[in-house]
Amino acid sequence: MSVKDKFKNFFYLDEYDEEEQVREQPVKKQKPAPRYEKPAVMQEPKKAPKERRQKVEETNVSNLVSMQGASKASKVSLAEPRVYAEAQDIAESLKNKQAVVVNLQRIEKDQGLRIIDFLSGTVYALGGDIQRIGTDIFLCVPDTVEVDGAISDYYYDEQQ
């Protein structure tokens, strides 16, 4: 590098020389380059307005269920009906996805049979299950509860 070049660089005179060279050259009119647009399939999706995005986020949050809430939701109700009309209350519990243990020891035999018939129909309609777990004691469960195992009928057969 010569002293002259160093001097030009120091005082930024190179920029002025380039501008002079550009002025000396004839100016050619250039056509603007055509804009290339992406096809509709490749274009990025437009962002939703802020209000709309908030609504979508709020609905997504409402679909989440914590495991703690699910464990509290499972409940077993105990029922000891004294009259046939209480069978509807037991059926409501089954419809609300609650398991029910029904004790029929304090009701007349014919009323107890009617209650079991009613609850059998309710459990069948809900896709659940009904099982005898003791003398005049029955377990009714909705479709969300699975009953595993069985109680032998040996003791019940001896008493009858």
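Is phenylalanine 118 buried, partly exposed or exposed? Phenylalanine 118 is partly exposed, with a relative accessible area of 29%. Buried here means under 20%, exposed over 50%, and partly exposed in between, with a 1.4 Å probe and protein chains only.

The model is predicted: local features need pLDDT of at least 70, side-chain atom pairs count only at pLDDT 80 or more, and totals for chains, interfaces and linings use all residues. Residues are numbered from 1 along each chain as its sequence is written, and side-chain values use heavy atoms, without hydrogens and water.

Start with the rings. The whole structure holds 1 aromatic pair (ring centres of Phe, Tyr or the six-membered ring of Trp within 6.5 Å). Tyrosine 84 and phenylalanine 118 make this pair, edge-to-face (planes over 60 degrees apart), at 6.3 Å centre to centre and 75 degrees between the planes. Tyrosine 84 lies in the loop between strand 1 (76-79) and helix 5 (87-95), and phenylalanine 118 in helix 6 (residues 109-126), so the pair ties together parts 34 residues apart in sequence. Helices (H or I, at least four residues) and strands (E, at least two) are DSSP runs, numbered from the N terminus. Tyrosine 84 is partly exposed too, at 26%.

Now helix 5. Ala87, Ile90, Ala91, Ser93 and Leu94 are buried there. Exposed Gln88 and Asp89 sit on the face turned away from the buried side. Just after helix 5, lysine 97 takes a positive phi of about 65 degrees.

Definitions and conventions. Rings of Phe, Tyr and Trp (its six-membered ring) pair if their centres lie within 6.5 Å; planes under 30 degrees apart count as stacked, over 60 as edge-to-face and the rest as tilted.
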